[in-house]
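Subject: Handover of a structure and notes on its contents

Dear colleague,

Please find below the structure that I am handing over to you. My notes on what was found in it follow.

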Amino acid sequence: MLDIRNVSLSFGALKVLNNASFSLGKGEVLGLIGPNGAGKTSMMNVITGIHRPQTGEIRLGGIDITTSKPHEIAERGLRRTFQTSLLCSGMSVVENVMLGLEPQPAYGFWGALVGSPKVRQWEEEARQKSMEMLDWMGMAAFADRPGSSLSFGQQRLVEIARALVSRPSVLLLDEPAVGLTAPRVDELAEKIVSIRTEFGTSILLIEHVMQLVFAACSRVVVMNAGEVIADGDPKTVTADPRVVESYLGRGYYAES
Amino acid sequence: MLSVLLASGVANGLLYGLVALGVVVLAKAANAFNFSQGDVMALGGFVSYAVIVTMGYGSVAALPIVVIVALFVGVLSYLLLRPLMDAQHAVALLTATIGLSFLVKGTIRLIWGRQGDYFAVPPLVSGPPIILFDGAVIIPLQHLVMSGGAVLMLALFALFFRFTRLGLFMRSVADNPRAARIVGIPTELVLCSAMVLSLVVSAVAGFLLAPATLIFPDMGFSLFLKGFAAAIIGGMMSLPGAVIGGVLLGVTEVLVSGYISSTAQELSAFVLIFVALIFFPRGLFGGRSSRSV
Amino acid sequence: MAVPVQSIRSAWRSGSWVYPVAIAVVVALIGMTLNPYLLFLLTRVVIFSMLVAGLNVLMGYSGLLSFAHAALFGIGAYVTGLMQVHLGVPYPVALLTATVGVTGAGTLLVLPALRLSGIHLAIATLAVAQAVHWVLINWSAVTFGAGGFRAPSIAIFGLNATQSIFLTSLVLTTIGYLMVRQLVRTSFGRKFVAIRDNSVAAAANGVNVTATKTIAFALSAGCAGLAGGLYSALLGFVAPESFNLEQMILMKVMAVVGGLGTMLGSMIGPALVIFLQEQLRDSQGWLEIIFGAVLIGFVLFLPKGIAPLIYRVLAGKRTETVETGPRTGQKVGLSAPTDRAVEN
């Protein structure tokens, strides 16, 4: 679904991504792990068009999206959440989710200005779809609250609903488990797995919480200092001495 | 001809540079912009008018009074705007400083508005122009004094940032506000000083400008605009850049006025601002901007 | 109380056109009984409501700062007036041309600037505004320079000039207001708020940020152009000083005082500011001092303006403000533009 080939990105003298390559298969849940500063979020920003890589290419479903703009990439069916997730405070929760249906409106500017029946119909359907999505995430009760009034964990679930409501082919999740308690992490893992089974979405998951990575991912890519240093199934990768050295730490085995 | 033009361009430009310096100091320390800077510059001109013309004291007496008034306005501005001086309130703060600009302008008009439309302040020094190279280069004395004063202010600024504790605090806040707070630098004091300094430097620029032009209550806004343009040309984050930007703007203005048309002079500043913003958002010396959403 | 407050409130919130139109009819009836001076002021309020409604889309909903709107307002007035004076074009045609022209010109002028955001966008629009003002003063062959020119007034249904322009403005403003209000309750309104609150997340959700900014700017420029065209017929005399930066700041005060991000505020702000302005007309300096203080006061103490207070009265509630923590059961959002959290 998503192919990253030899991508490099630097800010001035700072090399953030160095010739990194990996790919995300159809219907796969892939974990992207690595120490802080390894370039995981930069990778996500490069994929979603926020930064443009100096070299390399990114393909989504075979189409080159390396130089596409963020909204064009979203339009092609790749959606994401953010590490510091924030809903728009000026909109209710359900309106935040409805935003995820961009850029679909079947009506234009003039229709919206006069409020044609087509507009009303589309808006109603959009609200319906968004409510269903919220319901599926277990957040329907919050639909009419302001986005900013929810806790961070709740906002993150709404954000996932917003990313999913347009039924994207690829979903990128940037540290969705930050600040969640262990039972909540398990629930999230279940949700992620069922996103894949129910919508057939391919998922790239950036995460530090290994509990979630093990529960949800079928394959793991490890990055360090902008490079991909390991790629394989979770068991093999976490046994790799280089991964242990750079990320998991020597104490990892003692703990588990 | 050219040398006279250049002398006045450099002199005006250095004054824009002073305003730009204020813009940069406030931008760096507080990530804020203060629209009232131009009006405080006008206030500097009017206060020196009051001291020199109305009360009949010399120019030497005007300067400290201008500085004291600016200090007062600066502290008052800070106390008023303090609740808005953080990242979430950037737009609100900007709007409030527009209100502040109106307040200062209104005060000027309240005090001096009935006395006429335009006011003339006598030159700080009078004397024949300086003639060099057998008349090939003529520099009016007035412009020399303006430039000298501006350069002196710039030097004081540089010394302040390099050698005083407060200057050091301000530099560290500009470099890394969070780290500065963690190591216990008094952020409030730094924000207040930035506000006060930016207004004092503007008022002194007004004091230096007044004798070279006619002053009027509405003059402030376009002066702020020019100072801001100079700061942008200089890259917004660099003190020397701000001064160079000011001089570039001043020289461009006089060249346009001298060789194209004097009415086009005002326009040139706006065109320069627009071009600088669109094509050099990081300043002439900062390279083109990288892509962002 | 005899009036069912609850139903008024829900009808207002549901976006029904009944109440705005009813208010417009009442205003029209009152207006026709006023003396020419008061009617002139009321017409100014109506015209500025149109302008501020557009400005509100830009500043309140989309979070974009513009200083160009007094200038765009001026272009509208000049194009409408000059087309009649120089070309003998009838008023409706001139007005339409001005509206379309200002929408186009405003968009074109600001298109390169839309890559910028925040203060940089504000300053770029400021430079454009000053340049336009300069052209109005210096291109005297066409614009009659700093002295201005006499713009034709209009007469409909055998009414006098002020009454004619009053009714015309009221009808057009009501229609414009309803349309803009309708627009901000659709996907476009969500896009505006999204680029204001978090433009990176908006783009990642498929919102074309530049296109959305352009639409917001074009819409508000169109409102300014139309308002300007109406204003030229009201004033009967068009001069550059009616469209300078001071006017722009008064427009900002109108938007802030009324309430950014609420459509109701677009009517209250102009009414209050124009009333105050009339009281302070001949005061040297007090006008600036009071408006400066009002602007700072609202930003500091009532950042959401007056409109939310009125909604609250309509709603019969006295508590709730949006920023303070979670509450249950409270309706917020575009379909119910009350108590909006606007960071401004």
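Predicted model: local features only at pLDDT ≥ 70, side-chain atom pairs only at ≥ 80, totals over all residues.

Two bridges hold the antiparallel pair formed by strand 4 (residues 55–60) and strand 5 of chain A. Within that pair, Leu60(A) has Ile63(A) in strand 5 of chain A as its bridge partner.

The six-stranded sheet of chain A

Chain A also has an open sheet of six strands in the order 6-7-8-3-9-10, and here the pairing is mixed. Its edges are strand 6 (78–80) and strand 10 (227–232) of chain A, each with a single partner strand, so one side of each is left without a neighbour in the sheet. From one strand to the next, the twist averages 20°.

Strand 3 (residues 29–33) and strand 9 (residues 219–224) of chain A run parallel and are joined by four bridges. Opposite Leu30(A) stands Arg219(A), in strand 9 of chain A.

Helix 1 (residues 40–47) of chain A lies across this sheet too, over strand 3, strand 6, strand 7 (170–174), strand 8 (202–206) and strand 9 of chain A, at about 145° to strand 7 of chain A. Helix 7 (residues 182–199) of chain A packs on the sheet as well, where it touches strand 3, strand 7 and strand 8 of chain A, and its direction makes about 155° with that of strand 8 of chain A.

The two domains of chain A

The domain assignment divides chain A into domain 1 (1–77 + 168–256) and domain 2 (92–167). Their C-alpha centres lie 27 Å apart. Ten residues from domain 1 of chain A and nine residues from domain 2 of chain A make up the contact. On the side of domain 1 of chain A that touches domain 2 of chain A, helix 2 (70–75) and helix 7 of chain A each supply at least two residues. Helix 7 of chain A has the largest share of that side, three residues. By class, the side consists of six nonpolar, two polar and two charged residues.

Chain C: its contact with chain B, and a helix pair

Between chains C and B, 40 residues of chain C are in contact with 36 residues of chain B. Helix 6 (118–138), helix 10 (199–204), helix 12 (245–258) and helix 14 (286–301) of chain C each give two or more residues to the side of chain C that touches chain B. Helix 6 of chain C gives the most, with twelve residues. That side of chain C has 28 nonpolar, nine polar and three charged residues.

Within chain C, the axes of helix 4 (residues 69–87) and helix 5 (residues 91–110) come within 8 Å and cross at roughly 145°. The crossing of helix 4 of chain C with helix 5 of chain C is right-handed. Among the residues that meet there are Leu72(C), Ile75(C) and Val79(C) from helix 4 of chain C, and Ala94(C), Leu95(C) and Val102(C) from helix 5 of chain C. This contact has ten nonpolar, seven polar and no charged residues.

Yours sincerely

Methods: Residues numbered from 1 in each chain as written. Chains lettered and ligands numbered in written order. Pairing = 2+ DSSP bridges. Axes fitted to C-alpha atoms, helices over the stretch in contact; angles between N-to-C directions. Contact = placed C-beta atoms within 7 Å. Domains from an automatic or database assignment. Nonpolar A, V, L, I, M, F, W, Y, C, P; charged D, E, K, R; others polar. Left-handed = near helix turned anticlockwise from the far one by under 90°.
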